[in-house]
Amino acid sequence: MIDRLLKSVLRLRSRFYTWSGFSFGRESQSGKPDQSAEGIEKFLSAGDSSATEQFSQYEMRLPSHQNAIDLLPGWSSAFPPALGLTAGTIPLFGDRRILSALDSYGSIKGKTILEVGPLEGMHTSILNAREPARIDAIEANKLCYLRCLVTKEILELNNATFYLGDIRNWLSETETVYDLAIASGVLYHMHDPAEFLKKIAARSNAIFIWTHFYDEAAMPPSDLRNLPFSGKVEIRDLDGLKLHYHERSYQHANTNASFCGGMRDRHYWMRKDEILSLLTHFGYVDIVELNVNLDHAGGPCFSVFARKRPEAVS
């Protein structure tokens, strides 16, 4: 009688946790809950608690934004100091690269913005403050996406919508042509950077890019920044343009919670002149190099703003 009662309780709880998306107890190789006497006993005893014990999935501190930040590991970005919050250390909320992009573009009030790789939403906050009609921010890294949602709540990014998924699919499936695309810290993480540029050029009338690039003169063989590169250089053709792809690895950096690189270990850096040639090829005419830094610790980098002719936009 008791055994039948215990099994009835188990079935009821099993249904509840199946509906709510939870699993419990030890599972058999088939993936089903262990319904042995030992398994039932362990399951029932797991629910026992004293008046002072708390379930680990609940936050018991005073409700605050800091609790939400603490919930997610791997923060890189700092919040504005006035908020008194502790996260990462990089002040991306005032990033001069994005400010220079906006200076080059002009007012984005009422404009549509595509942001690729928002990381933790700090660049998004700069854009949001300029009152665009909307910001579509596409993030593929799951932890980064969740951190973006926390930032959105804290900084009240009401004009931004964050989407989790692959930007390449978004560019292929959407028919939206954005007034401005922002791709800061994205291109050099791509497995096929030129193809990405082709896709985003078809969906944006203006674009800002900050990226690393490969420069043999700036990185001679003795330069330690060469270590992640395999030495392999692939020659690829896109629309008749000859492109050099320098193969690179993350060297297991993806195992860290703060990792914010690409989807594959093997990714490719391009040469700066070839990136600029592609922008011209894809219809951008007002192309301005905003900054070039050959001494960056991660490797040579530059930022570029490009805009299509008004008649091409209309």
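How many salt bridges does the structure hold by the rule applied here? The count comes to 15, in a model that is predicted. The points below take the sheet and then individual ion pairs.

1. The sheet is open and has 7 strands in the order S3-S2-S1-S4-S5-S10-S9, with mixed pairing. Its edges are formed by S3 (160-164) and S9 (284-293); each has a single partner strand, so one side of each lacks a neighbour in the sheet. From one strand to the next, the twist averages 15°.

2. Strands S1 (residues 112-116) and S4 (residues 180-184) run parallel and are joined by 3 bridges. Ile-113 stands opposite Leu-180 in S4. Helix H8 (residues 193-201) packs on the sheet, where it touches S1, S4, S5, S9 and S10. The direction of H8 makes about 165° with that of S1.

3. Glu-120 and Arg-147 meet through their side chains in a salt bridge of 2.9 Å, N to O. Glu-120 belongs to the loop between S1 and helix H5, and Arg-147 to helix H6, so that distant parts of the chain, 27 residues apart, are linked. Glu-120 is buried at a relative accessible area of 0%, and Arg-147 is likewise buried, at 0%.

4. A salt bridge of 2.7 Å, N to O, joins the side chains of Asp-166 and Arg-168. Asp-166 is buried at 19%, under the 20% limit, whereas Arg-168 is partly exposed at 28%.

5. Arg-271 and Glu-216 form a salt bridge with their closest N and O atoms 3.6 Å apart. Arg-271 lies between strand S8 and helix H9 and Glu-216 between S5 and S6, both in loops, so the pair ties together parts 55 residues apart in sequence. Arg-271 is partly exposed, at 22%; Glu-216 is exposed, at 52%.

Terms used: Residues are numbered from 1 along each chain as its sequence is written. This is a predicted model: local features need pLDDT of at least 70, side-chain atom pairs count only at pLDDT 80 or more; totals for chains, interfaces and linings use all residues. Side-chain values use heavy atoms; hydrogens and water are left out. Two strands pair if DSSP finds at least two bridges between them. Helices (H or I, at least four residues) and strands (E, at least two) are DSSP runs, numbered from the N terminus. Axes are lines fitted to C-alpha atoms, for helices over the stretch in contact, and angles run from 0 to 180 degrees between N-to-C directions. Contact means heavy atoms within 4.5 Å. A salt bridge is a side-chain nitrogen of Lys or Arg within 4 Å of a carboxyl oxygen of Asp or Glu. Buried means under 20% relative accessible area, exposed over 50%, partly exposed in between (1.4 Å probe, protein chains only).
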